[in-house]
Structures are given as structure tokens and as C-alpha cells.
Amino acid sequence: MKSEQIGPFQAKSSAAPYVIAHRGISAKAPENTLAAFSLATKSNGIDMIELDVRLSSDDQVIVLHDRTLQRTSTGNGAARNYSYAEIAHFNAGSWFHGSFSRERIPTLRSVLELVRGKRWVNIELKSDFLHREQRGVLEEKILQVVRECGMLQQVMFSSFDHHLIANLKRTNAVSITGVLYNLYRDFGRMPSKLAGRAGASVFVCAKQELRKGMIQDAHDNGIAVYVYTLNSVEDVQKMLDFGVDGILSDNADDIVTLVKGS
Ligand code: G3P
Ligand code: MG
């Protein structure tokens, strides 16, 4: 990758869509672990990794999808109730396969250090409806880590919570941002409206919710469209025909040839 380039975050910047490893190569290694991200850096043709972030009790930015620990680690209960030192004890790999027993829930910093200069990064800010963070806290902590890693121009921040994205953009105007579509809340609103009011340049949508008219609207307004989570040839082919700009996949390494040609 060319680190100064911001191609993946612009609409129609490439003939082929960008290939994005959803939670790393999460079909072949435990999601959101260094093992899954490392695989993505070693697989040719993958442009970007996607990961989910939230906070530990001592405000460390950790890479974890669920609010609670038990699905993907040996921990139990809300991650926000544990310090990172405590979280680092939990085994985050054995639930997937015994060979990954050394994996831990990583900090955002450790993942960025692993992929810096190799892949772009989509940082998805997790926000739990009944457990919202105090305004600005999550955005500030994440921006601090990304800035310290010198990766502000290699990262796209996205969230289902568009207030977080708008606030992050207000705090740091040069941030590249995306909004995630929530069918129940956003139905009837076009990508240009949703992205526009949050100051975002990317619209991210689930495959079953994306319509051709939404892509047209986004592209007419210079907004890139990413779609998740495409793991089968049929799904990828359909979205190639739709003309999306980015494809999130759990097995990103397997779809590269189909997306970009051999
Ligand atoms: O960012 C796209 C996708 O990751 C959103 O859903 O639940 O996989 O984080 P989820
Ligand atoms: Mg995600």
C-alpha cells in the first residue's frame, strides 16, 4: 500500500472494489485477534482490515465485537468492567480452535502497530444502546491511539451510531469517516443524507439491505459504498454487478481473485 494514498475511502477510485478483511481473516482465525489480522497482512490483494473497538475499565481501547466477553474469550460479563490487565489474561482463541490458545483480546494500539504501512484500517466504534459511553470519551481515546501511531490517514472510522461519527469528525476534521446503515432506524433515508449529515465519505451497508438506488444516490454524491459480509461467490458476484466500492468478507483471502481477477 502507498501510505499517503486515501483511495479506498473515495467513491469509484478503482476499477475493482477494495477487499476488506472483516474482523481479520475471521473464517480461519479467531475474530479480532492478532492472528486474524496477521493472516490479512500476509494474503496478497487484501486492501484493508476491519475491526471493532470499545473501552476497558481503565479506558484502554480494546478490539472486541461484543459488549460482553464470553462468546469470544474465557472472560465473563461486560468488558467495560475489567481493566486491560485483567482482560489480557483471558484466552481469546481456544473457542475457535485449540491451536489459537495463546491469542488475547488485543489493544487497538497493538493491531495498528502490526498492520501499519501494510493495510488500511476500518475502525468500527461500538456503541451499545443501553450502555452508551459518556459523550466524547470513546472518540477521544481512539483518536489519541490512532494519532500516536501516526495512522490518521490510513484509517476510516465507522459506526452504527452516527452521532459518534459526527462528533469524531468535529473533533478532528481530517478524519475519514463512514456511516453504517441501520434498517430499522434509517429506512427511507438515502446514503447521501445519512453520510452528509455526519460528514462521512463512506456508506456501509449489509448485503440484504442494499438496493441499487442507494448505490446510485451515493455515487451521484461522491460517497463510496461498502457492503458486508460477503463470504460466497454468489454474494460477491452480485455485489460486483451492483458496482460497490468495498467488500467486507470473513474469508477475504478467498475472494480476492474473484474481485480483482487473477
Ligand atoms: O462494519 C461492518 C460490520 O462489521 C458491521 O457489523 O456486527 O460485524 O460489526 P458487525
Ligand atoms: Mg464490525
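Between which strand and which helix does the loop holding Lys207 lie? Lys207 sits in the loop between strand E7 (202–206) and helix H8 (212–220). Helices (H or I, at least four residues) and strands (E, at least two) are DSSP runs, numbered from the N terminus.

The model is predicted: local features need pLDDT of at least 70, side-chain atom pairs count only at pLDDT 80 or more, and totals for chains, interfaces and linings use all residues. Residues are numbered from 1 along each chain as its sequence is written, while chains are lettered from A and ligands numbered from 1 in the order in which they are written.

Lys207 counts as partly exposed because it has 18 C-beta neighbours inside 10 Å. A residue is buried with 20 or more other C-beta atoms within 10 Å of its own, exposed with 12 or fewer, and partly exposed in between; C-beta atoms are placed from the backbone. Neighbours within four places in sequence aside, Lys207 contacts Val227, Tyr228, Leu230, Asp235 and Met239. Contact requires C-beta atoms, placed from the backbone, within 7 Å. Lys207 and Ile247 are 40 residues apart in sequence, and their C-alpha atoms are 9.7 Å apart.

Ile247 belongs to strand E9 (residues 246–249), which is covered on both faces. Gly246 and Leu248 are buried on one side, Ile247 and Ser249 on the other. E1 and E9 run parallel, joined by four bridges. Val19 has Ile247 of E9 as its bridge partner. Strand E8 (residues 224–228) also pairs with E9 in the parallel sense, over two bridges. Pairing requires at least two DSSP bridges between the strands. Here Val227 stands opposite Ile247 in E9. From E8 the chain crosses through helix H9 (residues 233–242) to E9 in a right-handed β-α-β crossover. Right-handed means that, with the strands pointing away from the viewer, the path from the first strand over the helix to the second runs clockwise.

The largest nonpolar core has 76 residues, and Phe203, Val227 and Ile247 have the most contacts inside it. Such a core is a set of buried Ala, Val, Leu, Ile, Met, Phe, Trp, Tyr and Cys residues joined through C-beta atoms within 7 Å. Helix H1 gives the largest share of this core, six residues. The buried residues of H1 (residues 34–42) are Leu34, Ala35, Ala36, Phe37, Leu39 and Ala40. Their cover includes strand E1 (18–22), strand E2 (48–55), helix H3 (108–115) and helix H10 (252–260).

Key: Two residues are in contact if their C-beta atoms, placed from the backbone, lie within 7 Å.
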